[in-house]
Amino acid sequence: MADTKVYRASTTAPVNIAVVKYWGKRDPKLNLPTNSSLSVTLSQADLRTLTTASCSAAYPAPEGDSLLLNGEPSDVSGARTQACFRELRARRAALEAADPSLPKLSTMPLRLVSENNFPTAAGLASSAAGFAAFVRAIANLYELPASPSELSLIARQGSGSACRSLFGGYVAWRMGSAPDGSDSRADQVAPASHWPEMRALILVASAAKKGVSSTSGMQQTVATSGLFRERITTVVPENMDKMEKAIAARDFAAFAEVTMRDSNSFHATCADTYPPIFYMNDVSRAAIRAVEAVNAAAGRTVAAYTFDAGPNAVIYYLEQDTAAVVGTFYHLLGGLDGWKADSLKGAQSAVA
Ligand code: 2P0
C-alpha cells in the first residue's frame, strides 16, 4: 500500500545579537565570511522563530517544496534555501540507503510553516532564527544524527548569522580557511549558565523593513571600503580575542567596551562604503548618548549598545543593574524625539 502518511516535526530557534559583527563574504556562494564573529543568544520567551516541517508522498509533487512565513507564501527557489534543502536531503538519503526499512522521506515534497514573534527583516536578526529553525525542523523530521555544530554548517549556507542560533549562550562563528567551508561553523564559547546575569534590552526604533539588505550591503562594503580591510585584518581578530577573555572572566566593563567599539567599527565601515550605507538614524544616535549618560551617572560601565543592519538598539546589561539601566533609559528616552510613546517598544530578554 502506498505510504500517504504525513511526517511532521517542530522546533523553535532563538535570535542572536552579535557583539563582534559578521560583515562581508569571501565566498558568497558558500556563504563564507571575511571574519569570525561572536554573539549572545537571547531568550526564546521574547524573540524566536517556531517552525514545523512536514513531508508526505500524498503532497502533490508539482507543488514542490513550500514555505509559509508568518502566514504568507514565501519563495524557496533562492540558491541559499535550495542549498539547505539539498544538504539535508542528501543526509537523509544516506540514512535511507543504509537502512532500506526507513520511509523514503528524502523523496517527498516538504512543507514548512514558520512564525516569528517579532518584526521580520527589521534588523532584529530574523534570518538567523529563521534559517536555524528551518534547518533544525527538517533535521528533526529526517531524524538526522547531526550535532548542532554540523547543523550550523548547513544553516550558514541559508544565512550566515543563522549558524550562531543553533547554540544558546555565548557563541562564536569561526570563519575557517577550508575552500569548501567545512570548517566555517559555530561553537559555544560559554553556556548561558556561565554568566546568567546577562540581559538585553531591545529598543525598536522602527519595525519597517530595512533599506539595504545585509547580503547586498556587505558586498558593497567588501568591494569599496578601505576601512573594511583594516577591520577584517586587525580590528576583528583583536576584538574576538578580547571578547572571549571578557566572557571567560565575566568582565562586564571589558565585554561592554568591545561590544560598543565593534558596533561603531561596523557602522564606520558602512559609512565608508561607496555610496555610503547608513543603518543608524538620529534616534539610534540618541540611544548611544543615553547609554553614555547611564554609564556616567552610574560611575562605571553598566550598559553597552550595539546596532545591526537597522536603527534598532540592543542594550546589554547585568541583572543587578536593571534599575540603573532600564529605569534611567526609559526616563531619558521619554524626553527624546523618536523614542516616545508608540515608537518606543522595549523588550527585555535574558540570555538563553
Ligand atoms: C551579525 N549581521 O553578525 C551581523 C551584524 C548584521 C550586522 O549577520 O547574507 O542576514 O544572510 O549571510 O546573516 C546580517 O547578515 O547575512 C548579519 P547573510 P545575514 O549578526
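The face of helix 4 turned away from its buried side carries Ser216 and Ala223, both exposed. Helices (H or I, at least four residues) and strands (E, at least two) are DSSP runs, numbered from the N terminus. In helix 4 (residues 214–224), the buried residues are Ser214, Met218 and Thr221. These cover an arc of only 55° around the axis, which puts them on the same side of helix 4; the arc is that of the directions from the helix axis to the C-beta atoms.

The model is predicted: local features need pLDDT of at least 70 and side-chain atom pairs count only at pLDDT 80 or more, while totals for chains, interfaces and linings use all residues. Residues are numbered from 1 along each chain as its sequence is written.

Helix 1 (residues 79–98) has 20 residues. From its first C-alpha to its last, helix 1 reaches 28 Å, close to the 28 Å expected at 1.5 Å a residue, where the expected span is 1.5 Å times one less than the number of residues. Thr81, Cys84, Glu87, Leu88 and Arg92 are the buried residues of helix 1. Seen down the axis, they fall within an arc of 135°, so they line one face of the helix. On the other side of helix 1, the exposed residues are Ala79, Ala90, Ala94, Ala97 and Ala98.

The domain assignment gives domain 1 (7–191) and domain 2 (198–350), with bounds that come from an automatic or database assignment. The centres of the two domains, taken over C-alpha atoms, are separated by 26 Å. The largest nonpolar core has 89 residues; such a core is a set of buried Ala, Val, Leu, Ile, Met, Phe, Trp, Tyr and Cys residues joined through C-beta atoms within 7 Å. Helix 2 (residues 126–141) gives the most to this core, with 11 residues. Because domain 1 and domain 2 both give residues to the core, it lies between them. Among the residues with the most contacts inside the core are Ala132, Ala200 and Met243.

The ligand is surrounded by 15 residues, the closest being Ala18, Ser159, Gly160, Ser161 and Ser214; a residue counts as near if its C-beta atom, placed from the backbone, lies within 6 Å. The shell divides into five nonpolar, eight polar and two charged residues.

Asparagine 31 is found in the loop between strand 3 (25–27) and strand 4 (32–33), and is buried, with 23 other C-beta atoms within 10 Å. Arginine 250 sits in the loop between helix 5 (226–249) and helix 6, and is partly exposed, with 14 other C-beta atoms within 10 Å. The peptide bond from tyrosine 274 to proline 275 is cis, with omega near -5°. Proline 275 is located in the loop between helix 6 (252–271) and helix 7. Most residues other than glycine have a negative phi, and most peptide bonds are trans.

Key. Nonpolar A, V, L, I, M, F, W, Y, C, P; charged D, E, K, R; others polar. Buried ≥ 20, exposed ≤ 12 C-beta atoms within 10 Å, placed from the backbone.
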